Amino acid sequence: MNTKIANFFQKIYSLFNESVLVVNHACEIVYSNTSFNSFVININQSDNFQFYDFGVNFINIEKFFIGKEILNFLSKNEIKCEKISCSYKQKQLSEYILSVINDVVFENNQYFVLIFNQNIDKIDPLSNFSLNEKRYKLVFENSPIGFFQFNIDGVISDCNNEFVKIIGSTKQDLIGFDILHQVTNIGIKNAVKNATQGEIGTYEGKYISVTGKKETYIKAMFAPVYSENKIFDLGIAIIEDITKQKINELEIIQSQNKFQAIFQNASDSIIIGDSSGVIISSNHAFTQLSNYQTEEIKGTHIKNFFSNNCLEKKPLNFAELNKGNTIITDRWLIKKSGEKVHIEMNSKKINEINYISIIRDLTERDIDQQKIKESQERNNALFEVFPDIIFILNDQNEIIDYNTHKLDSFLVPPEEFVSKKYYQYLPENVAEITKINIEKLKQTGEIQTYEYQIHKKNIIETYEAKLVKMGEDKILSVVRDITNRKKIEQQSIILSQVVKLSSNSIFVTNLEGIFEYVNPAFEKNTGYKFEEIKNKTPRILKSDHHDSSFYKNLWSTILKGRTWTGEFLNQTKDGRCFWDKSVISPIVTENGQITNFFAINENITEKKKMLEDLTEAKEIAERSDRLKTSFLQNMSHEIRTPLNGILGFAGLISEEETEIATIKEYSSIIYDSGTRLLNIINNLIEISQIEAGNVKSSTIQFSLNQTLIEIYNSFVVDAEVKVLDFKYQFAFSDNNSFVVTDKAILIQIFIHLIDNAIKYTKFGAIKFGYEYENNEFLFFVKDTGIGISEDQKSIIFDSFYKADDISTVGIQGSGVGLSIVKSLVGLLNGEIWVDSMPQKGSVFYFKFKNIISVENVLAITSQNYIKPASKIILIAEDDKTSFAYLESILKKEFTEILHAKNGQQAVDFVKHRNDIDLILMDIRMPVLNGLEATKQIKIINPKIPIIAQTAYAFSTDQKDVFDAGCDSYITKPVKKDELLDSIYKFLKQ
């Protein structure tokens with residue numbers, strides 16, 4: 001506790017007639033007033049009991065009082081005022097009123113104030129409680145720290161005089177001041193917001209008062225206070241003026257700029273050298289002392305200025321200097337003239353490569369030094385057991401003696417402060433606080449304890465000083481360097497916060513593995529509260545994934561004092577498994593004894609899953625790349641082969657000497673090659689349309705049996721060529737086989753599967769059809785072909801996949817058929833799978849939900865159409881070759897063929913002629929496309945049949961065609977028989 005707070009406590013509680021104790025949150029007594037000391041001494045005179053104000057040897061209140069009543073009050077952290085009794089040193093005390101004021105805050109530290117009143121007959125607890133509130137108000141008003149209260153909206157409701165002084169305003173202007181809306185300082189506003197939201201808010205920096213127009217550096221803490229029902233009651237702010245501290249910091253910076261001037265003008269000789277001892281700079285005083293010029297000194301090794309005998313007795317210890325130690329030695333300096341001068345050299349490393357030495361001529365001080373030496377010997381004998389620095393002051397505040405084991409603890413050499421007043425060598429701030437405590441010591445006679453800091457060459461050292469009277473006219477000052485202790489305390493606070501705020505699970509166990517501490521992240525990640533597991537071991541997290549050898553290796557490692565690193569599959573309280581990357585280390589004392597085990601666990605469940613996903617994605621991408629490469633190679637072959645046949649045999653046909661029979665043979669080859677090329681193009685267009693999302697499902701009612709028979713008819717010739725037993729199988733009769741689904745998609749699925757079956761079956765049989773079980777259709781295509789291996793079943797439906805077995809060499813195909821099938825099945829909300837064994841054959845099954853069975857519908861039987869006579873056909877086609885092909889088919893069948901080169905000409909033909917019997921309408925034409933032309937023609941003559949020519953036959957294309965008004969459609973390339981059959985349906989007699 002610093003002197004300012006100590007003064008405050010003494011000033012306030014010296015006014016109390018009652019016995020007063022001030023207790024910190026560690027339940028240690030840090031202050032007692034005179035009334036309490038008298039109260040205790042009266043209990044037992046023989047105890048010779050005495051409390052020291054704010055002494056370092058705090059007494060735990062539990063050791064002083066026998067009984068737990070007071071500790072119970074403090075542990076509840078509540079304001080209390082009740083009758084209570086306890087005993088001191090096994091002697092029962094009378095009942096008394098104990099009043100507890102909780103959370104008295106000074107400089108971010110919290111204290112309890114305990115007030116004892118033995119006159120319980122005259123004092124009612126409630127009235128005493130009210131009295132304490134008045135005293136607390138006295139604390140509030142007279143505190144040396146600025147206080148103010150604010151409500152949940154950030155409006156100041158009260159403040160003390162010190163706060164008014166710091167801000168430079170008036171209490172009238174400050175009470176009612178809205179911090180959150182009137183203050184522009186974001187740091188202060190955020191700190192107040194934190195307090196109103198239940199957290200501690202802090203701010204340190206410059207503040208310009210809105211009401212006082214005063215600029216002040218402040219350190220502030222804002223804390224919430226809650227009522228008994230845990231509702232925000234008010235906020236408390238503690239404000240400290242640190243302007244002087246900031247000014248001191250600026251002065252330090254300015255002092256650094258003055259170094260060079262001080263260096264050159266210093267009365268002491270100063271040299272600066274490098275780590276090897278070579279002088280790189282010296283001041284004017286050293287040139288005068290050594291009689292050498294600056295140019296002669298620079299670059300010379302320091303040992304050249306000393307005699308060899310001197311160096312042999314006291315060598316230049318640069319090793320210790322480089323370690324950062326301060327070296328003080330006395331030597332004989334040899335001047336340029338050869339004269340020897342007795343000097344003291346104080347050397348210190350100032351950075352990684354340089355050191356500084358301050359050299360002082362000791363010639364005139366040898367006599368004084370001898371006296372000092374005698375004094376030191378006397379003091380060393382007297383204070384041999386004291387590790388601290390000791391000063392003795394007379395009643396004139398002069399230092400008359402001292403003791404220490406390290407001379408470098410002093411700010412100046414002893415000869416400069418012995419017989420001088422203490423404030424002549426101490427920094428101003430230290431001298432001021434020392435003066436205050438000496439005055440208090442003289443007034444009260446009580447031991448005074450205080451702390452202060454000293455800046456030494458960019459290092460801040462913290463000291464604790466105690467003052468005690470020695471007789472009537474002397475004061476003993478004992479000073480202890482507590483810099484390391486403060487650092488350790490600060491480090492402990494920082495480490496504690498790091499552990500608490502860490503997102504990793506951290507726990508500490510004893511040697512048996514029983515939990516002694518877990519951080520909040522552990523509780524969050526595992527679901528276990530510390531209260532649930534404090535007598536248990538980490539075995540509660542076991543998932544039984546690891547065997548006994550795993551844990552045996554872990555214990556063997558950490559019991560040997562080594563760190564173990566590994567991964568656990570652990571289990572949370574609710575049974576969820578998660579992966580932890582764990583580092584477990586033993587906590588070892590200085591003598592090598594293991595006391596505890598410390599573990600840090602990082603939840604890597606998501607990382608492992610991400611790694612697995614990335615690995616899987618990498619494999620998929622690599623497989624896709626291989627498939628695409630294979631596809632491009634395959635497509636190059638598949639497209640060039642039929643093109644080679646088409647172009648080659650077309651050239652042979654054009655030769656004049658080619659016979660008619662050969663021309664027919666070549667034409668057949670050209671036709672087959674063109675069909676093969678068309679299938680390849682259709683597949684590519686189909687997969688691109690599906691991937692682009694342009695294919696939509698559209699349902700109609702149709703006969704399933706009749707549709708599958710049509711599919712059978714389209715493949716029966718190919719099966720016969722390979723001498724395959726080709727069959728179909730139906731579950732229903734024709735009349736009961738009507739369904740509602742997407743007919744075009746169903747046909748496409750069967751076409752691709754049967755085409756594959758014929759390609760990959762060399763001999764045996766192929767059967768396709770459907771079964772009906774459990775109110776659902778199950779479609780199948782079965783073959784006795786090459787089959788599919790188990791490892792290929794998961795990838796055969798990937799785009800561009802094509803079996804690369806030796807048995808498939810020479811088989812035509814682009815490798816996209818099964819990928820198209822899978823996508824089409826997906827459009828109908830279905831699934832597809834395969835049962836297969838290599839060289840035994842395969843069965844592809846598929847089913848989908850988007851199909852409805854329609855019972856008892858008469859089947860449409862095939863009709864024999866009669867060839868019409870004297871009919872006029874209008875062909876709307878912009879491509880000359882396509883028109884020539886259609887004209888060559890139809891001119892032998894019909895009376896007149898009309899040609900419209902675009903949609904608009906087709907509309908004009910219908911406007912001017914009413915004898916057109918049927919129109920073949922191409923969909924894609926210039927000026928006016930076929931769909932728009934159809935719409936206009938149907939308005940002019942709704943009865944005229946229109947057959948659309950489309951290059952693609954998905955259900956979405958069919959829908960567009962029928963929506964426009966077309967009566968039917970045929971797909972390009974147009975086959976003669978299909979064309980005539982479609983026309984005859986509309987022109988039958």
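Guide: Before the strands are discussed, one term is needed: two strands pair if DSSP finds at least two bridges between them. Please also keep in mind that this is a predicted model.

Visitor: Over how many bridges do β32 and β37 pair?
Guide: Strand β32 covers residues 738–741, and its pairing with β37 is in the antiparallel sense. Within this pairing V739 stands opposite S853 in β37. The count for β32 and β37 is 3 bridges.

Visitor: In what order do the strands of the open sheet of 3 strands stand?
Guide: The edge strands are β30 (700–703) and β37 (852–854), each of which pairs on one side only. From one strand to the next the twist averages 30°, and helix α25 (residues 704–721) packs on the sheet, where it touches β30 and β32 and makes about 70° with the direction of β30. With antiparallel pairing, the order is β30-β32-β37.

Visitor: Which strands stand at the edges of the open sheet of 5 strands?
Guide: The pairing in this sheet is antiparallel, and the order is β26-β25-β29-β28-β27. A strand at the edge has a single partner strand, so one side of it is left without a neighbour in the sheet. Those strands are β26 (515–518) and β27 (564–571).

Visitor: Which residue in β29 does I587 stand opposite?
Guide: Strand β28 (residues 577–588) and strand β29 (residues 594–603) pair in the antiparallel sense over 9 bridges. Helix α22 (residues 548–559) lies across β27, β28 and β29, and runs at about 140° to β27. In β29, the residue opposite I587 is N596.

Visitor: How many of the residues of strand β14 are buried?
Guide: Strand β14 (residues 232–241) is joined by 5 bridges to strand β10 (residues 146–150), running antiparallel, and F148 has A237 in β14 as its bridge partner. Strand β13 (residues 215–226) is joined to β14 by 9 bridges, again antiparallel, with G235 in β14 as the bridge partner of P224. Strand β14 is largely enclosed by the rest of the structure, because the buried residues number 7 of the 10.

Visitor: Are helices α29 and α30 roughly parallel or roughly antiparallel?
Guide: The axes of α29 (residues 903–912) and α30 (residues 930–940) come within 9 Å and cross at roughly 10°. Angles under 35 degrees count as roughly parallel, so α29 and α30 are roughly parallel.

Visitor: What does the contact of α29 with α30 contain by class?
Guide: From α29, the residues G903, A906, V907, V910 and K911 meet A933, Q936, I937 and I940 in α30. By class, this contact has 6 nonpolar, 2 polar and 1 charged residues.

Visitor: Is S968 buried or exposed?
Guide: S968 is found in strand β42 (residues 968–971), and, leaving aside residues up to four places away in sequence, S968 touches I946, I947, A948, V961, F962 and F986. Since a relative accessible area under 20% counts as buried, and the value for S968 is 18%, this residue is buried.

Visitor: What share of the residues in the protein chain is buried?
Guide: The protein chain has 32 helices and 42 strands, and its accessible surface comes to about 54,500 Å², of which 51% belongs to carbon and sulfur atoms. Of the 989 residues in the protein chain, the buried share is 43%.

Methods
Residues numbered from 1 in each chain as written. Predicted model: local features only at pLDDT ≥ 70, side-chain atom pairs only at ≥ 80, totals over all residues. Heavy atoms only, no water. Helix = DSSP H or I, 4+ residues; strand = E, 2+ residues; numbered from the N terminus. Contact = heavy atoms within 4.5 Å. Axes fitted to C-alpha atoms, helices over the stretch in contact; angles between N-to-C directions. Buried < 20%, exposed > 50% of the residue type's maximum accessible area, 1.4 Å probe, protein only. Parallel < 35°, antiparallel > 145°, perpendicular 65-115°, else oblique. Nonpolar A, V, L, I, M, F, W, Y, C, P; charged D, E, K, R; others polar. Areas by Shrake-Rupley, 256 points an atom, 1.4 Å probe, with all protein chains shown as cover.
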